[in-house]
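Here are my notes after going through the model you sent.

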Amino acid sequence: MPSKTAKTAKAGSKASASKVAAKTKAAAKPVATKPVVAAKPVATKPVAHPPRVEEKKVLTQRQGFKTNEFVVYPAHGVGQILAIEEQEIAGAKLELFVINFIKDKMTLRVPTAKVANVGMRKLSEPALVKRALETLKGRARVKRTMWSRRAQEYEAKINSGDIVAIAEVVRDLYRSESQPEQSYSERQLYEAALDRLSREIAVVQHSTETEAVKEIESQLAKSPRRGAKAEGGAEVDADAEGEIDETDEADGDDAAVADEAA
C-alpha cells in the first residue's frame, strides 16, 4: 500500500509541473511580440526636414553659381569660380566665392550673399553677344560736351558689366586709320572696353581673345565713317548729341591731358 501512494504522489507532481510549464510558455508568447510592432513608426520623421531647408538656403545665397563656372564681375570683367569656401569672421560663418581673374593675376573672394549687390552675373547668352556685335556696326554717337564728363560716362558703362553698353564705348571711341588719333585717356578707355568685350565673347564662343578682337575689329570696320574733319582739325559728326563745344575738340590732346592733371 505505501508504494502505490508514493507512485500516485509522483505522478501528481509531474502533471502539476507540466501544467505550470505549459502556463508559463503560454503566458510568455504574447509578451514578446508587442514591442516589435510599437517601435516602427517612431524613427523616420525628424531626420528628413533640416537638410532640405539648408539646401534651399544655400541655393538662394549662391544664385545658381557653381565651381569652375565663368562669371562676369562688373569691376573686373570675366573671372572663373575656383572654389566655394567658408570662413569664420567675428564668430560668424561666411560662405565665399573664390574668383580668379587669370589675365589680371588676381583672386577675389566675394560673399555668396552679396553677389546680387555687387552685380555679379552669368555669361551673356549667344543672342546678347550677337546684339553687342551688331552695336559695333552702328554710327558712333559722341556727345559734344567736355571730355572729362564723357570720360566719366564711358567709365560707368565699362564698369556696369552690361555687354551692350561696353560695346557702345568701343564703337564710340574707335578710330580708323583715316581718322584722327586718340588722346592718351581716350586710348586707355578704349582698350579697357575692348578688353572686357573680347574676354566675354571669347569665353561664350569658346575661342581665343585674339580671335575675339579680330571679330570685333571686323564689325567696327563695317560701321559708317564719321564726318569729315573741320578746318581746325575737329571732326564733325552728323549724329553728335548734346551741345557742341568747339574748344573741347579743337584743343585735342591738350584738353585731355589738362583734365587728367586736374
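1. Confidence first. This is a predicted model, and the chain averages a pLDDT of 75, with 62% of the residues scoring at least 70. The stretch to watch is residues 227–262, where the pLDDT is below 50. That stretch still has 51 contacts in the model beyond near neighbours in sequence.

2. Aromatic pairs. How many aromatic pairs does a search of the whole structure find? The count is 4. One of them joins Y73 and F101 in an edge-to-face arrangement, at 6.4 Å centre to centre and with 70 degrees between the planes. This pair links distant parts of the chain, as Y73 belongs to strand β1 (residues 70–73) and F101 to strand β3 (residues 92–101), 28 residues apart. Y73 counts as buried because its relative accessibility, 13%, falls under the 20% cut-off. F101 comes out at 0%, so F101 is buried too.

3. A tilted pair. W147 and Y154 also pair up, with 6.1 Å from centre to centre and 50 degrees between the planes, which makes the pair tilted. Are these two residues buried or exposed? Both W147 and Y154 are buried.

4. The cavity. With the 30 Å³ threshold, the count is 1 cavity. About 50 Å³ of space lies in the largest cavity. Its lining is made up of V72, P74, G77, V78, R121, I158, G161, I166, R196 and E200. Which elements give two or more residues to that lining? They are β2 (77–89) and α7 (184–204). Sorted by class, the lining has 5 nonpolar, 2 polar and 3 charged residues.

5. A buried glutamate in the lining. E200 is one of the residues lining the largest cavity, and E200 sits in helix α7. Its relative accessible area is 2%, so E200 is buried. What is E200 in contact with, leaving aside neighbours within four places in sequence? The partners are V72, V78, R121, L123, S124 and I163.

6. Positive phi at N68. Some background before the backbone points: most residues other than glycine have a negative phi. N68 has a positive phi of about 75 degrees, although N68 is not a glycine. N68 is located in the loop between α2 (45–62) and β1. With a relative accessible area of 53%, N68 is over the 50% cut-off and therefore exposed. Even so, N68 touches Q80, I81 and L82, not counting residues up to four places away in sequence.

7. Positive phi at A90. Where does A90 lie? A90 is in the loop between β2 and β3. Its phi is near 55 degrees, again a positive value in a residue other than glycine. A90 has a relative accessible area of 85%, so A90 counts as exposed.

Notes: Residues are numbered from 1 along each chain as its sequence is written. This is a predicted model: local features need pLDDT of at least 70, side-chain atom pairs count only at pLDDT 80 or more; totals for chains, interfaces and linings use all residues. Side-chain values use heavy atoms; hydrogens and water are left out. Rings of Phe, Tyr and Trp (its six-membered ring) pair if their centres lie within 6.5 Å; planes under 30 degrees apart count as stacked, over 60 as edge-to-face and the rest as tilted. Helices (H or I, at least four residues) and strands (E, at least two) are DSSP runs, numbered from the N terminus. Buried means under 20% relative accessible area, exposed over 50%, partly exposed in between (1.4 Å probe, protein chains only). On a 1 Å grid over the protein atoms alone, a cavity is a set of points where a 1.4 Å probe fits but cannot get out, and a pocket is an open set with protein on both sides within 12 Å along at least five of seven lines; lining residues have an atom within 4 Å of a point. Grid points are joined across faces, edges and corners, and a volume is the space filled by probe spheres set on the points. Ala, Val, Leu, Ile, Met, Phe, Trp, Tyr, Cys and Pro count as nonpolar, Asp, Glu, Lys and Arg as charged, and the others, Gly among them, as polar. pLDDT is the predictor's confidence in each residue, from 0 to 100. Contact means heavy atoms within 4.5 Å.
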